[in-house]
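Reader: I have a model open and would like to learn how to read it. Can we go feature by feature?

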Amino acid sequence: MSSNIRNFCIIAHIDHGKSTLADRLLEHTGTVSNRDMKEQLLDDLELERSRGITIKARAVTMRFKRNGTDYELNLIDTPGHVDFHYEVSRSLACCEGVLLLVDAFQGVEAQTVANAFAAMEHNLKIIPVINKIDLTHARPEEVAEEMMNSLGTDPDECVRVSAKTGQGVDELIDCIIEHIPTPTGDPAATLQAMVFDSNYDDFRGAITYVRIMNGTVCKGQKIRFLKAGSVHEVVELGRFAPQRQPCDQLKAGQVGYLICNIKSLGDVHIGDTISIPGDKHAPALPGYSRPKRMVYCGLFPSDGQDFTELRDALERLSINDPSFEFEPETSEALGFGFRCGFLGLLHMEIIQQRLENESDIDLVQTAPNVTYEIINKRGETISIHKPQDVPDPGDIEEFRQPIVRCNIIVPNDYIGAVMKLCQERRGIQQTQEYLGAQRAMLGYNIPLAEVVYDLHDKIKSCTRGYGTLDYEMVGFEPADLCRLDIVVNGSRVDALSIVCHRADADRRGRAVVKRLKLEIERHMFEVAVQAAVGSRVIARETVPAMRKNVTAKCYGGDITRKRKLLQKQKEGKKRMKAIGNVEISQKAFMAVLSDS
Ligand code: GTP
C-alpha cells in the first residue's frame, strides 16, 4: 500500500555525516544487522570510500514495523558536490521529503543551502536534522538558529542525532514516518516512471534506478524510454535492501531497479521517463536535460606508444559514467591524445584519479578550460571546447562565457578578504546575508573560468579553511575575451593557447613567454618566443643561439666519450617535440601548462 511508503533523501554538506547516518538508519530499521554492517555501505566505489565523497546516487529500501504496521522507507542517496547538481535534482524529484543534515559544530555550509533550496523548489517536506551532538564542542542551539536564519526552518522541529552513537536515530525514524507525506500516484494508471540513476554491471549490463510515479511495471513487460526513444523488455526488477532483491512488480510510489539487457550506460539517460511502447504512453516527466560538460582538458600519454591503452582506459571509464566524454585530439606539441569533457572540476579530478588507479599510463594534462560560445560574423552560435578552436578576431561578433552564481559562506572576520578575491575574479556581488552572529553568506556572479582556475583553493586559504563555496550555472554572458597564442619562431604552439580577458592578456602573455624562455634549450640559432592576440604581438623573449658544440671538446681520439655524449643527447631528444624548427621538451610544456 502506498500509504505505508516514504521516499526521502538526505542532503548535507560534505563530511556532515550523511553516509554515517544512512548506515545507522539501515541498522536501526534492521535492514542490515550489526554484524554485517560494513562502514558506509552506500558509497560502494572504492574511490568514493578513499575520498569520502558519495558520487553517484543510490537507493535502498528499508522495511520497518511500527505499532503493528509495516512501512517501506526508501532512502535515495544523493551526491553532495556541486558538479552533480542535476543528479541531485533528479533524485529530489523522486522523493516526498528530505532530511536536511547539518553538523552541530560546523553549522550551515554553502552546499547545505544550495541543496535545501533545491528541495524547496521541489516542494518537499524538509526535516531539519542536527548531527554529531555527541561532540563536546557541539553547538546545536546556535546551529538551529543559523538554519532558521538561512533556510527558514523551525528550531523546534530540528531533530538532534548522533549518527556515530545512534542517539536520536529512533526518534528520527518516527519523524520520517509521521511527517514525510505518502506518495500519490495510481497503480492502475499508465506506467510513468522516473529514471534517477544508473550504473553498470559487467554481467547484467545497465542497471536503471527508477521511481514509479504512476502505474505498475512487471517482469517480462516491454517498456519504452521516452527521451531515448528505445524499447526494452524488463528482464529483472526489484529493490536494493541493500543487496539486489528481485521481485515481480513495482507499483506507483515505489523505488527500485530494472535490468533490461541494455549494453551501454549511454542508452540510459538520467531524468528520462519510462512508459509503455506505442502511442498510449504517459507524458514525459518535467525537468529532463542532458548532462552539460562545462570543463574540458586534454589528456595525452607522455609516451606516444600508450595511445591505444589510454583510449581503452577512457572507454572503460565512460561505460560507467556517461556524463564524461572524450574525443581524439592531435596536438603539435603533445602528439596524439584526447580532449575530455567533465561536469566540473571535481568530476575531472575523479576521472583522472580513476585513470591513474586503473592503468599505469603516464599522463600529461593540459590546463582545464570552460565551454565558450561565439557568435560569428555570419550570425551563427558555436560552442568552443578548446582555445585553439576560437576563430580569428575578425570573425567574432560576440564572445560569451559561462557565468555561475556562487554562494560563499564565511566567518565574519574573513568577509573583506573574500570580497576582494571575488572582485579580482571579476565577480559581481548579488547578496549578503548574516546567518548568525558569526557568519555570513555572500552571493556573487562570477565567470566559471575564474572559478575553475583556483577560486575554491583561494577561498579556503584566505579563510583558513572555514569558507565554503557552491555554484550553479546562470547562463552565458558577453565578455571582452580574446585568444592568446604563443608563437615560437613563427609557429603557433596550439597546446599553449588560452582564452582570457583582454585586460589580462598582457600580463598572462608576458608570464608565459618568460617561463618558456627559461625552459627552451638553446639551439644553433636564435629562438623568438612571442605572445600574440590575433596578429598583434604583446610580449617577446629571445632564447640566444648556442655558442658551443657539445662534442667540440672531445677532440681526436676519444671516440667512446663522444659516442656516450651523442647517445645521451639522442635520449633527451626522444622526449622533444618539434615546433617548426625548434625543439621543445615535454618538461617545458608541463612547466608552462601547470603555471598558466
Ligand atoms: P561525504 O560522503 O563526503 O558527503 O560525507 P558524509 O556527509 O557522508 O560524511 P560521513 O558520513 O563520511 O562522515 C564524515 C565524518 O564525520 C566521518 O569521519 C564520521 O565518522 C564523522 N561523523 C559522522 N557522524 C558523526 C557523529 O554523529 N558524531 C561524530 N563525532 N562524528 C560523526
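Reader: Let me start with a helix pair. Which residues in helix 9 meet helix 10?

Author: First, a caution: this is a predicted model. To read a helix pair, list the residues that touch on each side. Here A417, V418 and L421 stand on the helix 9 side. They meet L455, K458, I459 and C462 of helix 10. Sorted by class, the residues of this contact are six nonpolar, no polar and one charged.

Reader: At what angle do helix 9 and helix 10 pack?

Author: Read the angle together with the distance between axes. Helix 9 covers residues 415–424, and helix 10 covers residues 448–462. They pack at about 155°, with their axes 10 Å apart. An angle over 145 degrees counts as roughly antiparallel. Helix 9 and helix 10 are therefore roughly antiparallel to each other.

Reader: Is the crossing of helix 9 and helix 10 left-handed or right-handed?

Author: Right-handed, for helix 9 and helix 10.

Reader: Now helix 1 and helix 6. What is their packing angle?

Author: About 85°, again to be read with the axis distance. Helix 1 spans residues 18–28, helix 6 spans residues 169–179, and their axes lie 10 Å apart. Angles of 65 to 115 degrees count as roughly perpendicular. So helix 1 is roughly perpendicular to helix 6. From helix 1, the contact uses L21, R24, L25 and H28. From helix 6, it uses V169, D170, L172 and I173. By class, the contact of helix 1 with helix 6 has five nonpolar, one polar and two charged residues.

Reader: And how do helix 7 and helix 8 pack?

Author: Helix 7 (residues 307–320) and helix 8 (residues 345–358) pack at about 120°, and their axes are 10 Å apart. That angle makes helix 7 oblique to helix 8. Their crossing is right-handed. Helix 7 brings L310, A313, L314, R316 and L317 to the contact. Helix 8 brings I351, R354, L355 and E358. The contact of helix 7 with helix 8 divides into six nonpolar, no polar and three charged residues.

Reader: How many residues apart along the chain are Y288 and L226?

Author: They are 62 residues apart along the chain. The C-alpha atoms of Y288 and L226 are separated by 11 Å.

Notes. Residues numbered from 1 in each chain as written. Predicted model: local features only at pLDDT ≥ 70, side-chain atom pairs only at ≥ 80, totals over all residues. Heavy atoms only, no water. Axes fitted to C-alpha atoms, helices over the stretch in contact; angles between N-to-C directions. Helix = DSSP H or I, 4+ residues; strand = E, 2+ residues; numbered from the N terminus. Parallel < 35°, antiparallel > 145°, perpendicular 65-115°, else oblique. Left-handed = near helix turned anticlockwise from the far one by under 90°. Contact = heavy atoms within 4.5 Å. Nonpolar A, V, L, I, M, F, W, Y, C, P; charged D, E, K, R; others polar.
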